[in-house]
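Here are a few notes to read alongside the model, written for someone opening it for the first time. Keep the viewer open and follow the points in order.

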Amino acid sequence: MSDTPSTGAPANDSATAGGSRLVLDADQIARACARMAHQILESNRGAHGLVLLGIPTRGVVLAHRLASAMAEVEGSAVPVGSLDVTMYRDDLRRHPTREVGRTHVPVEVDGAVVVLVDDVLYSGRTVRAALDAIGDLGRPRAVRLAVLVDRGHRDLPIRADHVGKNLPTRAGERVRVRLAEVDGVNEVSIDLEATDESGPAGSARPAGPSDTEDEA
Amino acid sequence: MRHLLSAADLDQAEVVGILDLAEEMSLVQSRPVKKLPALRGRTVVNLFFEDSTRTRSSFELAGKWLSADVINISAKGSSVSKGESLRDTVLTVAAMGVDALVIRHAASGAPWQVRRFFADLGIDAHVLNAGDGTHEHPTQALLDSFTLRRHFRATDPSVTDFSGRTIAIVGDITHSRVARSNVLLLQTLGAEVVLVAPPTLLPAGVSTWPATVSTDLDEVLPRVDAVMMLRVQRERMSGGYFPTPREYTIGYGLTRRRLDLLTGGAAICHPGPMNRGLEISADAADSAHSLILDQVAAGVAVRMSVLYQLLGGADDTPPPSLGGHS
């Protein structure tokens, strides 16, 4: 669930700008995507049977980028879809009714190798929800996880297979991924949101829909 | 959104939100596992004081496909037939700890009454109107708009609302809750609504509705994007509203001849059950214009969407707790 409000976010010029630190610029994001695309193909020994399912919003954008990078290498198109996990979240009752995104699965999931794609991996709860959602769609041969940023602080026993950037963070910080297709700019930054007195991971995670982009 | 009693409760953004979500929900019908876990642990009661097949069963399926626990209570075979009052029946059901009450009642305004009972006693269950007397039937209007919007989108995928569309509602406007809810909802979506009926079946005060009124179906049909035919209820046939069923058909039925007056892309809707040969001919009901079966198919998806909007998030008044209404 990526839902970063992109409302006039000040352009961060590489250094610190008002409590925000640039972590990846456009070129670095492009290189990370290209590398992940290669890694996915390598570990799958080609594109055979692959399906990329992005988690809305920015996971879908990334899935399309990975697919076009893979198409350049392999010469064949890898199917791309979107998998909304809202209905499978474990915190529905803790928030006002959440908006549901689009689910579009272009091919049969049965027997396929599904690569879940998201922007940020944090608590692991979104991925847990995604695994449940996939289970209702069919029985894939395998499910892999590709994320642009792994910021740590997992609540669940989940890890990514392909990571664009490992980014050590503190729980009070906020990782912001902006992608041109959604936000008009390609960059990953860390916002020092308010304070980081929220203590150890999991105990007092910032709540509220605007923070969901971190809950990958 | 706390309750859904009237189509007027919804602004345009909310309606579009419900219809968009219903599009997602409709995909569930084609999945191997027709279930989403969103309403796990929630309880929905269908309390039907009037007979119903499609509304009750689609509410039941909608709740079940969202993993809610659903029970059905109908007036026949319940304490209602022993003379229990609406208030006692509703409070008895609420005392069992339900999260939402879907109510159909022959008396106009019954769901509002139920909402008041709940408010007086601090019961935080949601109330959904599944048809009250001759007053409103908001989920029917929502599924009609969902079906029509899909139809319009087939030629223009960018359609979100009905601005620039003309939609006629034809038949017994006076006694039709479907017509009332549709007038309100179609207006919210920006359509121009034309009501067509014999003067005896137009309600007092219809001039204040957000719709124009006509008694000439032949004149209206060529300029509409869709026509909604209303059922002529049996009990009205001998009520002096029109001389004979045959005469009604001649004046206001969608006959084979009138089918040719429709433009190529115009749609035909009917909330069912149909009186074939009376308000709608078999030719019209089974023609390529007809969306009648699509309407039935949309019923579950639209009601899933509504149930999710009402029950999918945190309870807004008191924070999540087991107390209150249980």
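1. Let's begin where the two domains of chain B meet: 23 residues of domain 1 touch 21 residues of domain 2. Bear in mind throughout that this is a predicted model. If you want to colour the domains, domain 1 of chain B runs over 7–136 + 299–311, and domain 2 covers 138–296. Their centres, taken over C-alpha atoms, are 25 Å apart.

2. Which elements give two or more residues to domain 1's side of that contact? They are H1, E4 and H12 of chain B. H1(B) supplies the largest share, six residues. Sorted by class, this side of domain 1 has 11 nonpolar, seven polar and five charged residues.

3. Next, the inside. The largest nonpolar core has 156 residues, and those with the most contacts within this core are A:Leu52, A:Leu66, B:Leu101, B:Val170, B:Val227 and B:Leu307. Helix H12 of chain B (residues 292–311) provides the largest share of the core, 11 residues. Both domain 1 and domain 2 of chain B give residues to this core, so the core lies between them.

4. Leaving aside residues up to four places away in sequence, B:Leu101 touches B:Val45, B:Leu47, B:Val90, B:Val93, B:Ala94, B:Val114, B:Ala125 and B:Val127.

5. Now for helix H2 of chain B, residues 54–65. This helix has 12 residues and spans 16 Å from its first C-alpha to its last, close to the 16 Å expected at 1.5 Å a residue. Just after H2(B), B:Ser67 adopts a positive phi of about 70°.

6. Which residues of H2(B) are buried? They are B:Thr55, B:Arg56, B:Ser58, B:Phe59, B:Ala62, B:Gly63 and B:Trp65. What do the buried residues of H2(B) pack against? In chain B, their partners are helix H1 (12–28), strands E1 (43–48), E2 (69–74), E3 (100–105) and E4 (126–132), and H12.

Conventions:
Residues are numbered from 1 along each chain as its sequence is written. Chains are lettered from A and ligands numbered from 1 in the order in which they are written. This is a predicted model: local features need pLDDT of at least 70, side-chain atom pairs count only at pLDDT 80 or more; totals for chains, interfaces and linings use all residues. A nonpolar core is a set of buried Ala, Val, Leu, Ile, Met, Phe, Trp, Tyr and Cys residues joined through C-beta atoms within 7 Å. A residue is buried if 20 or more other C-beta atoms lie within 10 Å of its own, exposed if 12 or fewer, and partly exposed in between; C-beta atoms are placed from the backbone. Helices (H or I, at least four residues) and strands (E, at least two) are DSSP runs, numbered from the N terminus. Domain bounds come from an automatic or database domain assignment. Two residues are in contact if their C-beta atoms, placed from the backbone, lie within 7 Å. The expected span of a helix is 1.5 Å times one less than its number of residues. Ala, Val, Leu, Ile, Met, Phe, Trp, Tyr, Cys and Pro count as nonpolar, Asp, Glu, Lys and Arg as charged, and the others, Gly among them, as polar.
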